[in-house]
Amino acid sequence: MEIENLTKDIRARAFEKKDPKTPEQVGASWYNDDLTYEGISKTLFMILPTPGCSWALGDSGGCTMCSYVSDCTLEPIDTETILRIFNDHLSRHPINEEDKISVKLFASGSFLNPYELPKDARDEILKTLVNLGNVTEIIVESRPEYVKEEYLDEIFEIIGDTLFEVSIGLETSNDYTRLKKINKGFTRDDFENATKLMQHQRKTKGYNLKTKAYIFVKPILVSEKQAITEAIETAEYCDSINVDRLSFCPATIHGGTVIERLWRKGAYQPPWIWSCVEIINTVRDELSIPALLDTSGFGSRRGPYNCKKCNKDLKQIIIANNLTQNKIEYECECKNEWLAEINNSDMNNSTVKVKHIPLY
Ligand code: SF4
Ligand SMILES: [Zn+2]
């Protein structure tokens, strides 16, 4: 498939230019307020050292917008090293000062894939978190093919009734966009089967298991207007199959990716912040599913952008409203430029910003 070849080729060049990281360089953590299932609560975010996403390391080259694999070791890491780095990061934050905390574990790929995170490391990490006594939620990410009954049984054997959320990068409900433009390599049915399996486990075994979908805003070769429509349709689809939460991820330009290649050639532009606001406001208006809007890269050259006057303000409001789930109320004169683009970009099928609207 053409998109796979292109992704693989660009990925191989990126690997040539950049040395793999050491496990210590991959590990990272921070501690913030976040919206949990029980309201706003302190949350520990941790990036675990892993070789990188198997999908990106394999023959597919991975997804067209993602460069997480470039920040990994590319080689398996022994359990002892993973646990040493995990415990080191755990000790850096005042987590025992809180009655309840949530923990988000990022594996730069799939937490549930034993190649990326060996089972004994996974088990030990979960045991340590449960033994802290105040961890009420554990959030992980996985591709749908690793969501297996066997793994969930093993996990709940350790964590008991602790809430466990599995976030899956569905990105879009449109199979053509996901397969041909994002190179995601799984179908909507694959996502739906994984979601149903988790819902079934919750029902039959009483597991405190939740599901979250990541929705990617503005893949390549999608106009600004289509990007808004597709993100909203994806949210509606997720709601219809009872996904528990949504997280919108507006595109930012990662190095060594297909999206970067198109951006450099002027054939791609990340979405307007206004488009992201339109999506989140529509979802908060029409659906009751909790929805977060990621603001990574907002206001930067490689990220979602409005104008110098409002980028920062909007970013702050979006972060604050992720906690309250309120709609974003804000005005700036650049909104007219955005409106002109979404109303006219389909005229010439442009996927980049239209600076001059043809008047005659
Ligand atoms: S988006 Fe997820 S599945 Fe795709 S390459 Fe990145 S980590 Fe892997
Ligand atoms: Zn503005």
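## Report on a predicted model

Because 13 C-beta neighbours lie inside 10 Å of H200, this residue counts as partly exposed, a class between buried (20 or more other C-beta atoms within 10 Å of its own) and exposed (12 or fewer), with C-beta atoms placed from the backbone. The model is predicted, so local features need pLDDT of at least 70 and side-chain atom pairs count only at pLDDT 80 or more, while totals for chains, interfaces and linings use all residues. Residues are numbered from 1 along each chain as its sequence is written, and chains are lettered from A and ligands numbered from 1 in the order in which they are written.

H200 belongs to helix α8, residues 188-205; helices (H or I, at least four residues) and strands (E, at least two) are DSSP runs numbered from the N terminus. Between H200 and D161 there are 39 residues in sequence and 16 Å in space, C-alpha to C-alpha.

Eight strands build an open sheet of mixed pairing, in the order β1-β2-β3-β4-β5-β6-β7-β8, where two strands pair if DSSP finds at least two bridges between them.

| Edge strand | Residues |
|---|---|
| β1 | 28-36 |
| β8 | 291-293 |

Each edge strand has a single partner, so one side of each is left without a neighbour in the sheet. Within the sheet, β4 (residues 135-141) and β5 (residues 163-171) pair in the parallel sense over five bridges, and V140 stands opposite V166 in β5.

Ligand 1 is surrounded by ten residues that include C53, W55, Y68 and R143, where a residue is near a molecule if its C-beta atom, placed from the backbone, lies within 6 Å of it.
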